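Subject: Structure handover

Hello,

Here is the structure I promised to pass on. Please open it alongside this note.

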Amino acid sequence: VKLWASAFGGEIKSIAAKYSGSQLLQKKYKEYEKDVAIEEIDGLQLVKKLAKNMEEMFHKKSEAVRNAGCLFLLQYEYFNAVLINERDEEGNYLELGKEFILVPNDHFNNLPVNISLSDVQVPTNMYNKDPAIVNGVYWSESLNKVFVDNFDRDPSLIWQYFGSAKGFFRQYPGIKWEPDENGVIAFDCRNRKWYIQAATSPKDVVILVDVSGSMKGLRLTIAKQTVSSILDTLGDDDFFNIIA
């Protein structure tokens, strides 16, 4: 075995030398050996310099994004589904609540809709002029034409919509959203089954629930509600089990 291994190693070495051109490289290096010098580098200083350069670069990038966000906030307004057609005490349209024509349509259960435009719903717990949301709404505005063209080609279509990871929900045709009795819009597209199934892969989940004596009363109620909320995010392709 030792002789065989030695012969095998020698064969690999000769083949590698033949096809890698290592001998030619060594010859070339020797030609320039006198002109080559070795310089010792302080690794810690090199890392510090690199970190400083990266910090400066990211600072410039964040400033550019922040300025771009401010630009959109100043120059771009969208149709907020909750605020459309709403006026203040002086009769002026609210910000993000410009005039939005709504006409009852039999195809959409006789609901007042705008088949020319989509509008955007933002959950109450999110700031509707957050730069991330405004920027996302801005670039998703091109979906208006896609929605209208789809409806023209296939009049049997009903609702078309786009859900963003930022939390805003663009819906066609545009429609007025009414808050509940507490003035809250709790709908969040990211919690809907269609969004979760499209955004995540199938999951295997095990939920461990503490039901010991210290979990009596309100604590156990909160734990059960938490488990229920987790289960609401699972889809048809997910598997789960609950262990008490």
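Below is what turned up, starting with the domains and ending with the salt bridges.

Please keep in mind that this is a predicted model.

**Domains**

Domain 1 covers 71-199, and domain 2 covers 200-243. Their centres, taken over C-alpha atoms, are 32 Å apart. Six residues of domain 1 and seven residues of domain 2 make the contact.

How much area is buried between domain 1 and domain 2? The figure is about 510 Å². Carbon and sulfur atoms give 42% of that area. On the domain 1 side, three residues lose the most area to domain 2: Lys193, Ile196 and Gln197. Together they account for 77% of what that side buries.

Lys193 also has a charged partner. It forms a salt bridge with Asp236, with the closest N and O atoms 3.6 Å apart. Across the interface of the two domains, the rule finds one salt bridge. The count of residue pairs in polar contact between the domains is zero, with both residues required to be at pLDDT 80 or more. The side of domain 1 that touches domain 2 is made up of three nonpolar residues, two polar and one charged.

**Helix 1**

Helix 1 runs over residues 2-20, which is 19 residues. From first C-alpha to last, helix 1 reaches 26 Å. That is close to the 27 Å expected at 1.5 Å a residue. Gly21 follows the helix, and its phi is positive, near 70°.

**Backbone points to look at**

Two spots deserve a look. The peptide bond joining Tyr172 and Pro173 is cis, with omega about -5°. Pro173 sits in the loop between strand 5 (169-172) and strand 6 (174-175).

The other spot is Asn85. Its phi is positive, about 65°, although Asn85 is not a glycine. You will find Asn85 in the loop between helix 3 (43-75) and strand 1 (103-105).

**Salt bridges**

How many salt bridges does a search of the whole structure find? It finds six. One of the salt bridges joins the side chains of Glu86 and Lys176, at 2.8 Å from N to O. Glu86 lies in the loop between helix 3 and strand 1, while Lys176 is in the loop between strand 6 and helix 6 (193-199), so the pair ties together parts that are 90 residues apart in sequence.

Best wishes

Key
Residues numbered from 1 in each chain as written. Heavy atoms only, no water. Domains from an automatic or database assignment. Contact = heavy atoms within 4.5 Å. Buried area = accessible area lost by both parts, 1.4 Å probe. Salt bridge = Lys/Arg side-chain N within 4 Å of Asp/Glu carboxyl O. Polar contact = N/O pair within 3.5 Å; in protein donor to acceptor, adjacent residues only side chain to side chain. Nonpolar A, V, L, I, M, F, W, Y, C, P; charged D, E, K, R; others polar. Helix = DSSP H or I, 4+ residues; strand = E, 2+ residues; numbered from the N terminus. Expected span 1.5 Å × (residues − 1).
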